[in-house]
Amino acid sequence: MTRYWKSMEETIKHMLLVALALLTMVPIIWMASISLRSEEYVFSGHIVWTGPLHWEGYVKALTEVPFFRWLANSLRIGALQTLGQMFVGVCAAFAFAYYRFPGRDILFLFVLMTMMIPMQVTLVPTYLIVNQMNALNTLAGVVVPHLASGFAIFLLRQSFLGIPKELAEAAAMDGAGAFRVLWTVYVRMSGTMLWTLGVIAFLANFNEFNWPLLVLTDPDQMPLPLAFQYFRTETQMDWGATMAIAALSMVPVLALYLIAQRHIVDGFAQSGLKG
Amino acid sequence: MKLFIGYRRKMLLLPFLFLVPALLLYAVFFVYPFLFTFLLSFQQWDMISPDRTFAGLSNYAELLRDEVFWMSLRNTFLYLLMTMPVSIGLGLGLALLMESLSRGRAAYRFLFYLPVVSPIAVVAILWSLMYDHRRGVVNMLLTFFGIDGPNWLSDATASLWAVAIVGIWRSFGYETLLYVSGLKSIDKGLYEAASIDGAGRLSRLVHITLPLLSPITLFMVIMGVISSFQNFTLIKIMTGGGPNNSSNVLVHQLYQEAFQFFSIGKAAAISVILFAIVLLISSAQLRLSRSAVHYS
């Protein structure tokens, strides 16, 4: 009897979760559904489209605007910014985790503090600096101001602290210099964390909107999320094409998420949130 | 002796060598702009003319007389109250439901986290169409349940709610994920011991699970306040702060003042006020947490 109730309870929970998951998916289902309709059926009132599929929206999105150029811009900004953040982060995290030096704790507190301050507090002066350096509408102007990431430094330091210091000391005994210790011990042993951080940072950088909006005003330079906004104002009434380009913009992100799901999920489990 | 001094100096020099990239970047793109914001908030400037003139406290005085500012300030807090409790509650509920299942956990986790990784600009445009008065899917679904939905984005009483719903949709998966990993790290022996002592489900939840999750909850609350105050993209794309500033928030007003009206001094003053609010809330939270949070 209790076993019967157990399986009954499990079924009810599944029903509840499936309903919620469906509700959560409505926007994405609807997006796909609108993007595949012909013009006359866009407003037919069906949520899920079962009629013939029309790919005009996708053709428009791929041929009438430089979609692949925007995608390339996005990938370039995302990759460079992520690699830069990881490099700066690994170096700083190593200094914090491996060495003892005067001012270390205060400096680390400062790094934590930078995470707590909304980026908009420094937005206007940062824009003025980039403008003064003549770096508006350049890749460097988008990427460089956000290379020092408190999030990256914090996570990497946590991960480095978990590596036994004896290993590093043994390597140093064998005559390894600081760079060698960093590379052979700390970087090699934090593979999972580096991948995790890389994926999370890449997604964030790929999706960033606010800062590129200010720096990149030239449509040829824009990353997808920004260019997409520009595309909408051009084709105000064309829902099919708008939804098609929205769906296309989601593809790279979804692909990465599918491939790296484990890293994203595990990363949060070990990011030291246990207090 | 000489060797010893060399060694000591190296020990000091090396860590700073590794910190140079980070410190240099922070100096140029964080500390300097941060101090610069304060300076700008006491000046009058339109970004174009070569001269910035000293204006004393007039930017702040102007803000205090500005109805839009009070509206934005109110909406910033309202948005926080509309999104954070729902998002955290939903995250906790879903995590508890999912962890008690024997199968299918990974699939749910995947689906609920999908909105979190979606590009926010795409999400904003997608939802703008979903909120369309007649043709959007939101009102279509509401009609199905017999509810006559408002004209979400052009109705001053509904616009902030419309944005908040998207904010919740985008963030609860993150909270779910954090709670799931928190639940995994709880020692199952605690539950068994409590069961033997006769504790029911509810009392195990209240006396074991929730206290052990409290550090995660604190983290979510602190990060939630900061990220909800930074909610710019949804507002910019979905409503532009309208209609009639009914959905304007501080970060969006800051953007308008700086890059649409070119009153840099006023924008900087908003930055300073935003900073002061975040500082106040964060330190209050940390102080409160010392008594309320349970560290195992």
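**Exercise 1. How many helices and how many strands are there in chain A?**

Chain A has 13 helices and zero strands. Helices (H or I, at least four residues) and strands (E, at least two) are DSSP runs, numbered from the N terminus. A word on the setting: this is a predicted model, in which local features need pLDDT of at least 70 and side-chain atom pairs pLDDT 80 or more, while totals for chains, interfaces and linings use all residues. Residues are numbered from 1 along each chain as its sequence is written, with chains lettered from A and ligands numbered from 1 in the order in which they are written.

**Exercise 2. Describe the contact of chain A with chain B.**

Step one: 63 residues come from chain A and 69 residues from chain B, two residues being in contact if their C-beta atoms, placed from the backbone, lie within 7 Å. Step two: on the chain B side, helix H1 (residues 2-41) gives the most, with 16 residues.

**Exercise 3. Which residues of helix H6 of chain B are buried, and what do they pack against?**

Start with burial: Val137(B), Val138(B) and Asn139(B) are buried in H6 (residues 137-144); that is, 20 or more other C-beta atoms lie within 10 Å of a residue's own, C-beta atoms being placed from the backbone. Next, the partners: the buried residues of H6(B) pack against helix H1 (2-35) of chain A together with helix H5 (120-130) of chain B. Finally, look just after H6(B), where Gly146(B) takes a positive phi of about 80 degrees.

Note on methods
Buried ≥ 20, exposed ≤ 12 C-beta atoms within 10 Å, placed from the backbone.
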